[in-house]
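Reader: I am new to reading protein structures. Could you walk me through one?

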Amino acid sequence: MISVSTFLENVERNAARVNRYQSGGDGTGGGCDCIGLPIGAVRLAGEKWPWTHGSNYAARYRVDNLRMVSVADDLVLGELVFKAREPGEKGYSLPSSYDTSADRRDYYHVGVVTSVSPLEITHCTKNGEENGIFRDTKLGQWKWAGTLNIVDYADQDNGEALPIYEATVTAPSGKTVNMRANPSMKSSVMEAVPIGERVGILGEYDDTWTRIEYHGKKGYMMARYLIQGIQEEEPEEVLVPRIKLLEMRACIADCMNIIDKLV
């Protein structure tokens with residue numbers, strides 16, 4: 001079993017390496033399909049997915065508490081959500097391998113609830129102007145949801161995590177820095193935190209992202225915009241070198257991103 005936080009972290013890791021839709025892909029090599037996104041996340045977390053690669057299979061055999069949902073408040077963070085067609089509907093194409101299944105729905109597409117408030121459903125699809133990862137902010141046709149039975153949903157945060165220390169939000173330009181629902185530039189923005197505000201640090205995600213708390217909300221901010229210990233009353237001779245350090249870190253991070261794209 002893996003925790004919800006570990007599952008979601010690896011959903012983002014998998015999404016970051018996807019660059020095209022590929023039937024049967026799990027993110028390895030950049031190709032991925034809809035069920036491949038959560039399957040790849042499970043594998044990145046060190047667990048196995050020795051079962052069938054398919055959304056219909058996942059809905060029937062790898063998901064618990066499958067139910068119809070009508071509003072975003074019905075969803076649970078880290079759940080799988082499905083689009084489904086009933087027999088007779090246009091596009092209905094349930095594979096013959098499910099001829100003996102009592103459930104006759106065709107669960108033709110699957111996503112992951114990566115944020116509840118604001119709503120964010122992350123999925124890999126071939127539809128749209130470009131292939132790859134999409135983030136839906138409305139429920140739309142996502143009508144069914146359930147918990148993946150390899151994930152421990154009892155391990156939810158529930159607001160009990162306490163900050164390890166505080167840091168100040170600082171940037172070489174602009175007035176705010178975005179706090180996002182998940183550690184990804186494509187993830188939804190929860191708050192635009194003003195520069196100079198202090199936030200609680202809940203833990204380091206990786207070299208790029210830090211998990212933070214701001215005004216009771218928990219999310220992620222790029223580590224390069226956070227400096228531990230800056231106080232408004234600090235003298236200029238102390239504050240300026242720290243700002244210079246931040247600018248240097250931001251420059252290095254930008255250079256590394258360019259190098260990664262060229263490699």
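Predicted model: local features only at pLDDT ≥ 70, side-chain atom pairs only at ≥ 80, totals over all residues.

Reader: In what order do the 6 strands of the open sheet lie?

Author: In general, strands of a sheet pair through backbone hydrogen bonds, either parallel or antiparallel. Here the order is 4-9-5-6-7-8, with antiparallel pairing. Strands (E, at least two residues) and helices (H or I, at least four) are DSSP runs numbered from the N terminus, and two strands pair if DSSP finds at least two bridges between them. Strand 4 and strand 8 (132-136) are at the edges with a single partner strand each, so one side of each has no neighbour in the sheet. From one strand to the next, the twist averages 30°.

Reader: How many bridges join strand 5 to strand 6?

Author: There are 6, and the two strands run antiparallel. L80 stands opposite V112 in strand 6. Helix 1 packs on this sheet, and its direction makes about 110° with that of strand 6.

Reader: How do I describe helix 1 and helix 2 as a pair?

Author: Two packed helices are described by the angle between their axes and the distance between the axes. The axes of helix 1 (residues 4-17) and helix 2 (residues 36-44) come within 8 Å and cross at roughly 115°. Such axes are lines fitted to C-alpha atoms, for helices over the stretch in contact, and angles run from 0 to 180 degrees between N-to-C directions. Contact means heavy atoms within 4.5 Å; among the residues that meet are F7 and V11 in helix 1 and L37 and V42 in helix 2.

Reader: Why is helix 3 called largely enclosed?

Author: Buried means under 20% relative accessible area, exposed over 50%, and partly exposed in between (1.4 Å probe, protein chains only). In helix 3 (residues 55-62), 7 of the 8 residues are buried, so the rest of the structure largely encloses this helix. Its buried residues pack against strand 4 (63-68), strand 5 (80-85), strand 6 (106-115) and strand 9 (144-148).

Reader: Is E166 buried or partly exposed?

Author: E166 counts as partly exposed because its relative accessibility is 44%. This residue is in strand 11 (residues 165-169).

Terms used. Residues numbered from 1 in each chain as written. Heavy atoms only, no water.
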